[in-house]
Amino acid sequence: MPQIQLERVSKRFGQSVLAVDDLSLVFPSGHFVCLLGPSGCGKSTTLRMVAGLELPTSGEIRMDGRVLSSGSSGRFVPPEKRGMGLVFQSYALWPHMTVAQNISFGLEMRGWKPDQRRQRVRELQELLRIGGLEERYPLQLSGGQQQRVALARMLAVNPDVLLLDEPLSNLDARLRLEMRAELKRLHEQLGNTIIFVTHDQLEAMTIATEIAVMHEGRLQQFAPPLEVYRQPANLFVAEFVGSPSMNLFSLDEAADASLARSMLASLGLESDRHTRVKTIGLRPEAIRIMVGETYQQDVAWSSPATVETILPTGAEWIVRLQVCESVAFARMVEEPCFGSQASVAIAVDPADVHLFDLEGVRLASATPGAGARLAG
Amino acid sequence: MSTVAHAQPAPDLRTTLLRAWHRLGYLRYEPTAAVAGLLVVVLSYLVLAPIGAMVLDTVRVQFRDSATAGLRAGALTTYYLDRALLSGVSGTLLWGPLVQTLIVAVAVAAISLVLGSLLAWLVVRTDLPGRRWLAPALIIPYILPSWTFAVAWLSLFKNRRLAGLPGFAESLGFSPPDWLAYGALPIIICEALHSFPFAFLLFGSALRSLDGQLEESGQILGASRPVILRRIVLPLLLPALMSAVLLTFSRTVGSFGTPYILGSPVRYTLLPTSLYGNFKAGSPGVAAVLAVVMIVLGVSLVALDIYFLREHRRFVTLGGKGGTRRTIRLGAWRPVFAALATLAFVVATVVPLGTLALATLMKRPGVFSLDNLTAEFWLATTIPINPGQSGLLRNAAVLDAAWNSMRIAGSAALACGLIGMFVGYSVVRLPNSRISHFLRHVSFLPYLVPSIGFAAAYLSLFALQRGPIPALYGSMLLVVIVMGVKYLPYASRAGISAMMQLGNEPEEAAMICGAPWHKRLARIVIPIQKSALMLGILLPFISGMKELSLVVMLATPGTELLTTQVLRYTDYGYSQLSNAVVLVIVALIFALTFMVQRLTGSGLAAEVEG
């Protein structure tokens with residue numbers, strides 16, 4: 001399976017819009033990489049440039065050693081000659097063709113004989129579990145079936161590289177989960193290089209081998225999902241990945257400052273004068289809520305807090321807390337034994353505290369003291 | 001992370017050339033840009049050049065005047081502007097017709113609005129009996145050629161001022177005075193009968209899309225019916241009302257047939273007929289000035305409409321799905337309104353068509369006796385009272401005109417539909433590019449120009465040989481081109497919206513599957529857009545079959561169309577033959593409209609019927 005390499009790729013639309021800004025990135029062979037970011041971050045444009053549907057303004061895109069498109073050598077391989085597969089958000093099934101015709105179109109373009117095509121269509125129907133639909137038209141199918149046909153159409157020609165542009169966003173929650181499992185199964189079975197664009201961080205977390213987080217046309221972090229979650233490279237990633245998102249307390253915000261200072265003090269980072277710390281981050285699940293007798297003395301940092309409101313989701317409880325003058329969200333997996341307006345205490349393990357500097361970049365260990373405690 | 005910006009080195013010649021080569025390679029696989037470029041050239045020549053040529057004609061000495069004026073043809077002059085705007089005859093040439101045109105247009109717009117919106121309200125919101133069949137029936141007058149009513153009016157009310165057979169009224173013992181037979185009043189009535197369905201359609205669909213919950217919210221908050229009407233309903237319907245008024249006004253300003261048929265006998269001249277008269281009388285310079293005046297008028301009206309629509313877009317988009325709402329009970333007024341609505345249908349459809357049909361079957365119009373019945377106007381080899389003419393169905397001139405109409409409107413519609421689809425394709429495939437904006441706007445431009453002014457512009461450009469392009473006046477090709485370009489706005493709008501709806505993705509999917517450009521067009525784009533394309537051809541074809549204003553100055557003995565044939569017979573006083581030709585046109589239009597309805601699967605009145 002090939003690897004796709006982007007080198008200093010930029011894409012401008014008109015004079016003002018810089019959709020992709022000097023992006024260098026390697027999609028490793030046989031990996032399932034998610035391009036993750038909010039809408040307008042350039043992830044779809046990146047995918048379309050890999051597919052050959054957009055021309056990069058500058059930079060080079062290579063597949064293994066082969067140059068697909070380059071600003072300097074003037075080479076451009078059109079999409080129909082790249083041999084990739086691309087599944088669109090809208091599926092883009094051809095409404096005037098039956099399921100079988102949709103699936104065999106690519107084979108026809110490659111000059112397959114009719115009986116070979118029929119055989120291959122049957123194989124794909126089996127692979128994607130869409131038997132018996134071959135004579136239907138796309139509009140007669142359910143959303144999930146259309147999704148499978150769109151996948152089958154692209155998989156029919158056995159592409160080494162499969163590109164997926166938010167393919168699951170039009171499905172309902174249950175089907176989406178099922179298709180995620182399906183995609184993961186297909187990837188394990190076929191082993192192609194997959195690039196998957198999504199704005200849904202949960203989707204990226206669950207299926208990718210690596211996540212590339214993008215923002216304003218730039219790459220923010222490229223790492224396996226758990227690393228992205230546990231060690232977000234910067235404030236943007238920290239806030240974008242995770243739901244409810246990470247609680248952030250800035251030393252520059254009047255409301256947050258006292259809380260942030262007390263946390264820093266107990267971590268041995270006396271004040272912002274000695275460190276480059278500007279923002280402190282806490283994942284909701286890192287906040288432990290304690291009432292009365294469950295209060296423990298061995299925690300590194302704790303503070304009194306007031307419960308504002310409790311949002312049960314069924315499997316867990318999201319608690320909105322007033323801590324000093326700040327607001328924080330905590331996540332509990334056990335049913336809370338308190339109601340709203342209750343006075344509680346919160347505690348945080350130092351290992352769960354994320355620190356970010358003035359530019360919003362993650363600080364691994366700010367000072368020796370904190371480093372030791374953070375590592376511990 | 002690669003967040004560090006880097007400076008681009010200044011491109012040297014080699015890089016520039018390589019980049020150009022890069023672009024060229026892209027074009028080879030993606031010829032859309034080449035197609036769009038070609039369209040830009042063609043549209044510039046066919047839309048912008050004629051209008052430019054005509055504007056120049058207003059300030060340049062015309063060839064035919066060069067000898068008398070002692071000036072070189074093409075030299076700059078203010079003679080035509082002086083003559084049309086300032087001289088002693090400017091009153092007859094421009095100012096009189098302009099004022100009369102405005103009077104007629106205001107009256108027509110007012111009557112259409114009142115009648116159209118009242119009927120729309122009755123059909124959409126009340127328990128009016130028979131509203132199911134009234135909704136489509138009230139559209140029919142709008143489908144008919146606008147001058148059908150004028151021809152029928154003449155059959156009913158013409159007096160001895162005109163030669164030929166008498167009108168129905170005369171035969172029945174009532175001699176209509178001139179003011180009833182010709183001039184302002186009949187022109188206004190005939191134009192209004194043709195255009196009220198437009199207000200009916202616009203207002204009806206606006207009324208239907210108005211979210212019932214908006215009114216109910218007002219009701220819950222304690223507003224009375226009149227307050228709801230004044231504070232909620234009317235402001236929301238204002239854009240539709242404005243559109244109906246402005247577009248009816250601008251259509252009336254540009255209409256030629258009715259003022260020609262009903263105004264000429266008493267020399268009641270409107271702008272289009274004055275333009276036509278000046279052109280026929282051999283003063284194209286003055287005709288050009290009049291055409292420019294009409295174009296300015298037309299452009300400002302439509303621009304005004306677009307401005308109002310844009311102003312109101314903020315809340316127009318709020319309109320919901322309509323939802324369920326209570327039907328207003330008319331109570332004791334029910335039979336009154338039912339009679340009124342039925343009367344509108346009878347007067348606007350049954351009477352004119354019935355008159356035309358009856359007239360072609362009577363030796364003397366208006367004499368109701370069995371021995372007065374005749375089929376000679378349809379079947380005779382020679383008609384006794386129209387020497388030299390044979391019955392319509394064996395009349396060589398009419399059959400030729402029918403054949404001309406078919407192939408001229410047919411080829412114009414075909415070209416128009418295809419170009420419109422390609423304009424749509426280019427606009428959607430090259431979003432936000434300058435080419436796309438240019439195509440979108442220039443293909444819409446002919447809509448702003450009144451038909452007869454557009455024809456005048458074409459004569460300015462194509463009457464003489466210019467460069468390698470020969471003089472096209474008198475050729476069928478010229479009529480085809482004019483028609484194709486004039487209807488392009490409809491076809492390109494249809495093309496753009498069809499392509500927008502489809503989006504690029506189906507084609508991109510084919511690209512990914514390895515299909516080259518020609519296969520993508522043949523296998524994906526055209527099959528999917530088949531019915532939109534058919535519609536983009538059929539609708540201009542229908543318009544072409546009933547077009548008069550656009551072709552009246554271009555038709556020559558070799559390129560006579562059915563519609564111009566009607567005028568010819570009216571001029572000769574062969575009223576039965578002209579009536580019969582109108583009926584043939586109407587029959588063709590009904591058949592074509594029926595095809596369109598089958599194709600779209602919904603009637604033209606679907607918006608009002610719901």
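In chain A, strands β14 and β15 make a hairpin with four residues between them, and Gly314(A) in the turn has a positive phi of about 110°. Helices (H or I, at least four residues) and strands (E, at least two) are runs assigned by DSSP and numbered from the N terminus. This is a predicted model, in which local features need pLDDT of at least 70 and side-chain atom pairs count only at pLDDT 80 or more, while totals for chains, interfaces and linings use all residues. Residues are numbered from 1 along each chain as its sequence is written, chains are lettered from A and ligands numbered from 1 in the order in which they are written, and side-chain values use heavy atoms, with hydrogens and water left out.

Strand β14 (residues 301–312) of chain A pairs with β15(A) in the antiparallel sense over seven bridges; two strands count as paired if DSSP finds at least two bridges between them. Within this pairing, Ile310(A) stands opposite Val319(A) of β15(A). On to the next strand: β15(A) also pairs with β16 (residues 326–332) of chain A, again antiparallel and over seven bridges. Here Ala330(A) in β16(A) is the bridge partner of Val319(A). The hairpin of β15(A) and β16(A) has two residues between the strands, and Cys324(A) takes a positive phi near 50° in it. In general, strands of a sheet pair through backbone hydrogen bonds, either parallel or antiparallel.

Strand β15 (residues 317–323) of chain A is mostly covered, with five of its seven residues buried. Buried means under 20% relative accessible area, exposed means over 50%, and partly exposed lies in between (1.4 Å probe, protein chains only). Arg320(A) in this strand is partly exposed, because its relative accessible area is 32%. Its side chain forms a salt bridge with Glu308(A), the closest N and O atoms being 2.8 Å apart. A salt bridge is a side-chain nitrogen of Lys or Arg within 4 Å of a carboxyl oxygen of Asp or Glu. The pair links distant parts of the chain, with Glu308(A) in β14 and Arg320(A) in β15 of chain A, twelve residues apart. Glu308(A) is likewise partly exposed, at a relative accessible area of 25%.

Other salt bridges involve helices. Over all chains the count comes to 26. Arg120(A) and Glu123(A) meet through their side chains at 2.8 Å, N to O. Both lie in helix α3 (residues 114–127) of chain A, three residues apart, which is about one turn of the helix. Arg120(A) is buried, with a relative accessible area of 13%, whereas Glu123(A) is partly exposed at 37%. Arg148(A) forms a salt bridge with Glu182(A), with 3.5 Å between the closest N and O atoms. Arg148(A) lies in helix α4 (residues 143–155) and Glu182(A) in helix α5 (residues 173–190) of chain A, so this pair ties together parts that are 34 residues apart in sequence. Both Arg148(A) and Glu182(A) are buried. Salt bridges that share partners join Arg129(A), Arg148(A), Glu178(A), Glu182(A) and Arg185(A) into one network.

A further sheet in chain A is open and has three strands in the order β11-β12-β18, with antiparallel pairing. Strands β11 (247–250) and β18 (353–356) stand at the edges, each with a single partner strand, so one side of each is left without a neighbour in the sheet. Neighbouring strands of this sheet are turned by 25° against each other on average, direction ignored. β11(A) pairs with β12 (residues 279–282) of chain A over four antiparallel bridges, and Asn247(A) has Leu282(A) in β12(A) as its bridge partner. Helix α9 (residues 254–266) of chain A lies across β11, β12 and β18, running at about 95° to β11(A). Axes are lines fitted to C-alpha atoms, for helices over the stretch in contact (heavy atoms within 4.5 Å), and angles run from 0 to 180 degrees between N-to-C directions.

Leu86(A) is found in strand β6 (residues 85–87) of chain A and counts as buried at 2% relative accessibility. Leaving aside residues up to four places away in sequence, Leu86(A) touches residues including Leu47(A), Met154(A) and, from chain B, Ile512(B).
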